[in-house]
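Dear colleague,

Please find the structure below, handed over for your own reading.

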Amino acid sequence: MKEISIEQLKVNPVTLIGGEWALLTAGNKENGFNTMTVSWGHIGELWNKPTTVVYVRPQRYTKEFIDKEDMYTLSFFPEGHKKELSYLGAHSGRDEDKLAKTSLTPVFDGDSTYFEQAKLVLVCKKLFRLPMTAEAFLDKSLIDSFYKAGDFHEIYAGEIVKVLVNE
């Protein structure tokens with residue numbers, strides 16, 4: 001992996017996150033880690049910093065790791081990994097070693113974990129966390145569509161501190 005500046009990154013975030021998906025990973029080799037597939041999120045500018053915003057439901061095992069660690073990563077993959085990303089999004093690391101059911105190889109980089117096969121990795125330092133609430137929704141139909149169980153996401157914003165691309 002080669003480190004580039006954020007200014008060198010040329011991506012369409014809607015395609016990258018919504019279309020191709022990503023693995024959100026928190027934790028490290030020393031304390032353990034977990035990963036989950038995400039297809040909602042943002043890449044942009046906040047508080048004069050390049051940032052990502054990710055959403056994690058309270059029941060997700062990855063939430064335990066993102067809550068206790070300062071860093072998280074978003075790993076984006078070339079074509080051919082959708083089946084593995086789908087598996088990782090549908091199974092919990094709390095119940096099994098779900099990574100063992102894939103061909104993905106974790107890379108431990110200090111306090112972060114990402115994947116060798118990724119085409120792009122955003123290493124983020126957690127800045128902000130806020131739970132969604134029913135009262136905050138202006139369009140209440142979204143609650144019926146996405147939160148029938150009342151399991152509202154928590155919102156995490158992180159500063160992009162490193163951008164890695166696979167050469």
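Rings of Phe, Tyr and Trp (its six-membered ring) pair if their centres lie within 6.5 Å; planes under 30 degrees apart count as stacked, over 60 as edge-to-face and the rest as tilted. This is a predicted model, in which local features need pLDDT of at least 70 and side-chain atom pairs count only at pLDDT 80 or more, while totals for chains, interfaces and linings use all residues. Residues are numbered from 1 along each chain as its sequence is written, and side-chain values use heavy atoms, with hydrogens and water left out.

Ring pairs join F137, Y147 and F152 into a cluster. The count of aromatic pairs comes to eight. F137 and F152 form a tilted pair, 5.8 Å centre to centre with 40° between the planes. This pair links distant parts of the chain, 15 residues apart: F137 is in the loop between strand 9 (120-131) and helix 4 (141-146), and F152 in the loop between helix 4 and strand 10 (154-165). Helices (H or I, at least four residues) and strands (E, at least two) are DSSP runs, numbered from the N terminus.

Elsewhere, K82 lies over the face of W21, at 4.1 Å from the ring centre; the rule asks for NZ of Lys or CZ of Arg within 6 Å of the ring centre and within 35 degrees of the ring normal.

Yours sincerely
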